[in-house]
Amino acid sequence: MTRFGIIGGGLMGHGIAVALARAGHRVVVYDEDPAALASLDERIARALERCGVPPGDVGAVTARVTAARSLSDMSSCVDAVVEAVSERLDVKHQVLEAWEATVPPVLPVWSTTSVLPLTDVAKGMRHPQRLVGVHWWNPAYLVPLVEVAPGAETDHRFVQEACDVLNGMGRTTVRLHRDVPGFIGNRLQFALVREALHLLEQEVCDPVTIDTVVRASLGLRWSAVGPMENADFIGLDLTRNILSSLAPHLSAAVAFPALDEPLDAGQRGRASGGGLLTWPPGRGEEVAQRLEDGIRRNLGAQ
Ligand SMILES: NC(=O)c1ccc[n+]([C@@H]2O[C@H](COP(=O)([O-])OP(=O)(O)OC[C@H]3O[C@@H](n4cnc5c(N)ncnc54)[C@H](O)[C@@H]3O)[C@@H](O)[C@H]2O)c1
């Protein structure tokens, strides 16, 4: 059992707290926003309910998660810390600087950054060798994958230790050889998003059609057979022929008018009631539920 501190109790922080506590670890969460701490118990209880944890067992898990009033409160009682604050380099630097002032160099820091280079996150740290990229997927208590990567100065013992802990929790852990923005999953995901936006910009179809295609084909296939196995399965010669024909037509864009247009009109997606699709009241909750139900169904744990 490890005692984890989590800095940032938002979407990922609370989800990671649930994952760690369900695996038997003790967790202390700190957030600068008192509202995030005040709602922590309720959000964790709801997540446990959605995970199908019997009501009688919820208390035992929630008892392993407590809130800290300050970073220094947390520093005396944890063996490792998860940095789960907003995806901004300045915020991460500020938090890591404050944290490092309170703890010895042997304590590992797991950063949840999605796309910031770890080497940049580690800049300014007194002990950058302790920083490991540990990228969970939302909801962290359901999606098995955790991607683990070193920054340029990370001591690989910390990387191995993170993998050992996560494997011990039954997670599907993958280890990257080096630091790249976006780890593996988000690079693959956003290559697809870029091409989807390209199709919209070329007026090939509408956004609903893109989602229909992915949900009724690729989404189903990829949960069973990954694209590398599929390349061998259909044959590398055929894979090369297809790619050679298609590659010149695929997007290499670094600007995205299909996003600029709604954003310029104040349409940010779910939060503003409109984006690529329309978001009437209730749709956000329905999508969140459908996402979790779908993941559970795929995992065979209805
Ligand atoms: N949302 C996702 O699907 C997802 C998935 C994987 C990784 N991530 C990464 O996880 C990290 C957190 O993202 P999130 O979606 O949970 O964001 P979020 O906005 O839900 O939560 C961030 C929390 O950090 C707190 N915070 C901000 N500055 C702080 C400070 N100085 N001290 C203490 N607390 C502070 C905020 O109050 C907030 O509660 C980001 O790096 C993000 O890229 C997000």
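**Exercise 1. The ligand site**

Start with T112: a polar side-chain atom of T112 lies 3.2 Å from an oxygen atom of the ligand. This is a predicted model, where local features need pLDDT of at least 70, side-chain atom pairs count only at pLDDT 80 or more, and totals for chains, interfaces and linings use all residues. Residues are numbered from 1 along each chain as its sequence is written, and side-chain values use heavy atoms, with hydrogens and water left out.

Task: state how many residues surround the ligand, and which are the closest.

Solution. 
- Step 1. Apply the cut-off: a residue is near a molecule if one of its heavy atoms lies within 4 Å of it.
- Step 2. Count: 23 residues surround the ligand.
- Step 3. Name the closest: M12, D31, E87, K92 and S114.

Task: find which part of K92 and which part of V85 lies by an oxygen atom of the ligand.

Solution. 
- Step 1. Recall that a polar contact is a pair of N or O atoms within 3.5 Å.
- Step 2. K92 uses a polar side-chain atom, 2.8 Å from a ligand oxygen.
- Step 3. V85 uses a backbone N or O atom, 3.4 Å from a ligand oxygen.

**Exercise 2. Helices α1 and α3**

Task: describe how α1 and α3 cross, and list the residues that make the contact.

Solution. 
- Step 1. Locate the helices: α1 covers residues 11-22 and α3 covers residues 40-50. Helices are DSSP runs (H or I, at least four residues), and strands are runs of E of at least two, numbered from the N terminus.
- Step 2. Read the geometry: the axes come within 10 Å and cross at roughly 60 degrees. Axes are lines fitted to C-alpha atoms over the stretch in contact, and angles run from 0 to 180 degrees between N-to-C directions.
- Step 3. Classify: this angle makes α1 oblique to α3. Under 35 degrees is roughly parallel, over 145 roughly antiparallel, 65 to 115 roughly perpendicular, and the rest oblique.
- Step 4. List the contact (heavy atoms within 4.5 Å). H14, A17, V18 and R22 of α1 meet L40, R43, I44, A47 and L48 of α3.

**Exercise 3. Backbone exceptions**

Task: find where P139 and F183 lie, and what marks each backbone.

Solution. 
- Step 1. Recall the rule: most residues other than glycine have a negative phi, and most peptide bonds are trans.
- Step 2. The N138 to P139 peptide bond is cis, with omega near -5 degrees. P139 sits in the loop between β6 (131-136) and β7 (145-150).
- Step 3. F183 is not a glycine, yet has a positive phi of about 50 degrees. F183 lies in the loop between β8 (172-175) and α9.

Notes. A polar contact is a pair of N or O atoms within 3.5 Å; within protein, one must be able to donate a hydrogen and the other to accept it, and residues adjacent in sequence count only if both atoms are side-chain atoms.
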